[in-house]
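Here are my notes on the model, in the order in which I would look at things on screen.

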2 protein chains.
Amino acid sequence: MALEKRVQAWLEEEWARLRPFLPPSAPLLIAVSGGPDSLALLHVLQEIFPAEQLVAAHLHHGWREEADAEAEFVRQTAVSWGIACFIEEVDVVGLAREQALSLEEAGRKARYDFFARLATKIGAKAVAVGHHADDQAETVLMHLLRGSGLAGLRGMLPISPLPGAPDILLLRPLLAVSRAAIEAYCKTYDLQPVFDATNEDTTFFRNRLRHELLPLLAGYNPQIKARLQHMAAVVAADYAFLDELADEKYTAVLRESGSDWLALDRAGWLALPLSLRRAALRRAVWQLRADLRDVGFQPIEQARLVAEKDATGGQTTLPGGLVLTVEYERLTIAADPDVLLFDEPQIVEDTAVPLPVPGRVQLANGWVIESELVSGMDLAHIQSNPDPWTAYVDGGDEPLFVRGRQPGERLRPLGMSGQSAKLKVMMINRKIPARLREKWPIIDSASGLAWLVGHGIDERVKVTAVAQTIVRLHCRKT
Amino acid sequence: MALEKRVQAWLEEEWARLRPFLPPSAPLLIAVSGGPDSLALLHVLQEIFPAEQLVAAHLHHGWREEADAEAEFVRQTAVSWGIACFIEEVDVVGLAREQALSLEEAGRKARYDFFARLATKIGAKAVAVGHHADDQAETVLMHLLRGSGLAGLRGMLPISPLPGAPDILLLRPLLAVSRAAIEAYCKTYDLQPVFDATNEDTTFFRNRLRHELLPLLAGYNPQIKARLQHMAAVVAADYAFLDELADEKYTAVLRESGSDWLALDRAGWLALPLSLRRAALRRAVWQLRADLRDVGFQPIEQARLVAEKDATGGQTTLPGGLVLTVEYERLTIAADPDVLLFDEPQIVEDTAVPLPVPGRVQLANGWVIESELVSGMDLAHIQSNPDPWTAYVDGGDEPLFVRGRQPGERLRPLGMSGQSAKLKVMMINRKIPARLREKWPIIDSASGLAWLVGHGIDERVKVTAVAQTIVRLHCRKT
């Protein structure tokens with residue numbers, strides 16, 4: 001199929017997505033280096049769109065000798081076709097030095113910055129570039145070798161947000177067209193590019209791929225390029241679909257989060273298929289470390305195994321200085337796992353602190369325990385109190401204390417027919433995570449423990465009809 | 001991690017899937033060639049399972065000189081470890097000649113056939129083989145080069161059905177273990193394999209990969225093997241998940257099917273994401289051509305574009321001699337698209353055929369049109385007839401005929417305020433596919449058309465209170 005028809009067909013197939021970005025009122029920017037790819041692209045697009053709608057953009061790389069001639073060529077070509085042309089000169093060498101980038105990276109950055117600025121200035125919503133199928137094969141192979149994950153196997157996308165300007169689309173209409181077809185097109189229309197595309201914008205690594213590895217791989221399979229392109233197309237669609245599902249499922253299992261921590265619902269996470277369990281962990285890392293795009297296979301796999309296997313207390317590190325901790329119903333991921341303590345009441349002193357009645361004792365992270373005398377309350381109402389963070393106790397005359405547990409301590413939980421239980425066992429049964437147990441607040445008095453905060457009072461202090469003083473205890477976050 | 005622990009951990013992680021296949025009562029078969037991989041595997045498994053539960057299986061390849069010595073070595077090793085051992089000699093060269101296979105294919109077939117037969121005989125439900133991580137990297141690279149689709153990028157699976165015996169599991173407990181780790185294990189336990197694993201069971205293509213391409217790729221990325229293994233692990237999970245969803249969605253859009261044709265609901269198919277639209281077409285081909293496992297990217301892509309774009313009448317070929325046809329609400333895929341005609345009424349004669357009253361005219365593929373006189377029917381009942389395949393007409397005294405349409409013919413559809421419409425336009429509006437229009441039955445009489453079968457009678461023949469003879473026409477498949 002001729003190049004024009006292929007680009008036309010591509011535009012039609014993608015039109016639903018492209019339409020809002022290509023209204024007749026807005027110009028379409030075309031990045032034109034002067035090489036065969038972008039020259040053919042400009043020529044094809046002026047067959048499809050009115051010339052007035054097109055704008056050529058050329059970055060004059062200060063660092064290349066031929067740059068003047070190239071810029072002039074692009075300007076003249078655009079003018080002769082009736083197309084507006086913007087040229088900007090950037091000192092790429094200076095930019096590279098200044099921002100500690102390779103020349104290639106600096107050139108790429110300068111180009112996309114220029115396109116974004118120019119598009120905004122002239123009201124363009126899309127920028128078309130000349131990347132073709134041979135570029136795509138190289139990109140896929142490069143990602144495959146470098147190990148950038150399934151995302152990398154997609155190669156370049158036919159439509160993606162312009163780097164640095166997510167509201168503007170970057171279009172690659174020639175992505176399925178081979179270099180040979182582009183060169184044939186140039187010949188047919190007598191387009192005479194100023195330089196050889198095979199030397200354009202290539203890093204050392206890419207050059208080795210192009211001139212050494214791809215020819216060698218063609219000895220194994222002459223169709224290797226087509227093969228890599230097809231793989232990219234298949235993976236891109238599969239990835240897009242999985243990505244959307246993974247977003248949805250991640251949101252569903254994300255229980256709570258702060259700026260530097262989050263907690264996943266473990267049962268929900270365990271119920272996901274393997275593919276989405278991995279994806280959810282990856283998303284969790286990205287949520288806390290947005291700039292960490294390359295999260296390798298192994299740390300995610302290690303975290304998955306720990307999260308699946310260890311019932312509670314298991315921990316493993318994740319990239320970006322994060323730690324995953326397995327709790328009973330939660331998987332927490334945080335830079336400092338201890339920060340999660342603010343979620344739960346924890347004592348601050350190692351010794352017992354007197355709790356006056358009425359009065360309060362301050363706990364860690366804004367939690368408090370308050371006490372007050374109550375009178376005239378209906379006994380049935382007290383006995384049916386549904387709030388675990390409020391307790392009514394027969395105060396007697398003994399002073400109360402707030403402290404942490406001691407080894408071997410026991411409580412006779414109300415309603416357990418008088419049998420006593422170890423605090424440790426109660427805490428495990430009540431699913432208080434191990435790291436919180438040491439500093440979990442307990443209310444004590446001279447004649448014994450009164451309340452395992454949030455989890456039940458002792459039989460001994462229960463309020464009966466003959467209670468003289470009723471104390472209401474309340475634990476809350478302020 | 002030591003080899004034993006890794007195999008143990010793998011067994012634990014997969015235990016939910018493995019348990020039914022590894023009951024203490026059933027033996028576990030282990031394929032032992034005598035090379036380091038299978039020797040290490042046998043040694044590790046006898047550390048984990050009781051020796052009485054293990055059975056070594058060795059295929060004596062008639063065609064290799066060393067085969068006698070290898071078989072004897074495996075037998076002696078198994079005996080000295082207290083493990084039962086079965087050895088079978090197969091004339092692989094003869095098998096290759098007989099079935100026109102390469103020596104490697106014949107060897108592979110002979111091995112799996114032997115394992116399947118032996119497993120069935122001794123009641124084993126699983127066979128373990130020694131494929132390791134280096135084999136996996138080679139397999140992935142081989143599939144990548146040969147272009148066997150995303151399925152191929154999964155490489156070998158840790159657990160899969162045994163080829164030719166889907167009820168028996170093929171296990172690869174060493175799939176994540178490197179060749180180096182296996183060799184180190186052999187050294188630690190002083191296991192002395194009879195031959196060099198690097199020359200075991202390798203085709204020319206695989207040998208080139210191992211000795212030429214992989215070392216070269218390591219020059220681009222020293223971690224290339226790990227990279228390929230991780231890719232396989234990621235793709236395997238993503239593929240498994242997508243595959244399950246694709247099965248589900250395919251079933252949902254499959255409208256009807258026969259042994260050599262099927263029809264998809266087009267609207268449902270169009271509503272699927274790209275990934276699943278491709279997968280559904282692939283499944284459709286597999287449903288009709290079960291042995292055609294390698295369906296390339298391009299025919300599926302071509303079919304997808306035709307199926308998406310062409311409103312109706314579009315056709316394209318698919319592998320296996322299949323043809324996809326776009327109809328209004330359906331995508332039909334069939335070896336012979338005409339076979340689908342049996343679904344719809346079509347005339348058989350090119351000339352008009354008299355329809356006696358009462359009487360019948362035979363159509364194609366078992367369809368008939370029947371006529372009878374009716375009397376005593378309530379007019380309201382006739383006018384509210386809901387069945388498009390039944391028509392009541394004022395018969396007058398004119399003979400009726402069944403025939404196909406002629407160019408330019410018009411009908412005044414009942415209820416359209418007397419306006420006439422071209423039959424062709426009516427057929428298009430009623431979504432009669434183009435290929436069915438020529439032979440779609442029409443009931444004609446001397447004074448004009450009476451019924452476009454299934455789609456409405458002419459105003460002229462409508463039954464009123466003064467009708468003398470009422471004819472009931474009925475079209476049905478017998």
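Helices (H or I, at least four residues) and strands (E, at least two) are DSSP runs, numbered from the N terminus. This is a predicted model, in which local features need pLDDT of at least 70 and side-chain atom pairs count only at pLDDT 80 or more, while totals for chains, interfaces and linings use all residues. Residues are numbered from 1 along each chain as its sequence is written, chains are lettered from A and ligands numbered from 1 in the order in which they are written, and side-chain values use heavy atoms, with hydrogens and water left out.

1. B:Pro358 belongs to the loop between strand E12 (353-355) and strand E13 (359-362) of chain B.

2. How are the two chains related?

3. Next, the interface. With contact meaning heavy atoms within 4.5 Å, 44 residues of chain B touch 44 residues of chain A. About 3700 Å² is buried between the chains, and carbon and sulfur atoms give 68% of that area; buried area is the accessible area (1.4 Å probe) that two parts lose on being put together, summed over both.

4. Do look at the H11 pair. Helix H11 (residues 224-253) of chain A and helix H11 (residues 224-253) of chain B have axes that come within 11 Å and cross at roughly 85 degrees. Axes are lines fitted to C-alpha atoms, for helices over the stretch in contact, and angles run from 0 to 180 degrees between N-to-C directions. H11(A) is therefore roughly perpendicular to H11(B), a label given to angles of 65 to 115 degrees (under 35 is roughly parallel, over 145 roughly antiparallel, the rest oblique). A:Asp238, A:Phe241, A:Leu242 and A:Leu245 in H11(A) meet B:Asp238, B:Phe241, B:Leu242 and B:Leu245 in H11(B).

5. Within chain A, H11(A) also packs on helix H10 (residues 204-218), at an angle of about 100 degrees and with the axes 8 Å apart. H10(A) is thus roughly perpendicular to H11(A). H10(A) brings A:Leu214, A:Leu217 and A:Ala218 to the contact, and H11(A) brings A:Ile224, A:Lys225 and A:Leu228.

6. Which side chains form salt bridges (a side-chain nitrogen of Lys or Arg within 4 Å of a carboxyl oxygen of Asp or Glu)? Over all chains there are 54, and the interface of chain B and chain A has 4. A:Lys309 and B:Glu12 form a salt bridge at 3.4 Å, N to O. A:Asp113 pairs with A:Lys109, their closest N and O atoms being 3.1 Å apart; both lie in helix H6 (residues 103-122) of chain A, 4 residues apart, about one turn of the helix.

7. Lastly, a backbone detail: A:Asp190 is not a glycine, yet has a positive phi of about 55 degrees. A:Asp190 lies in the loop between helix H9 (179-188) and H10 of chain A.
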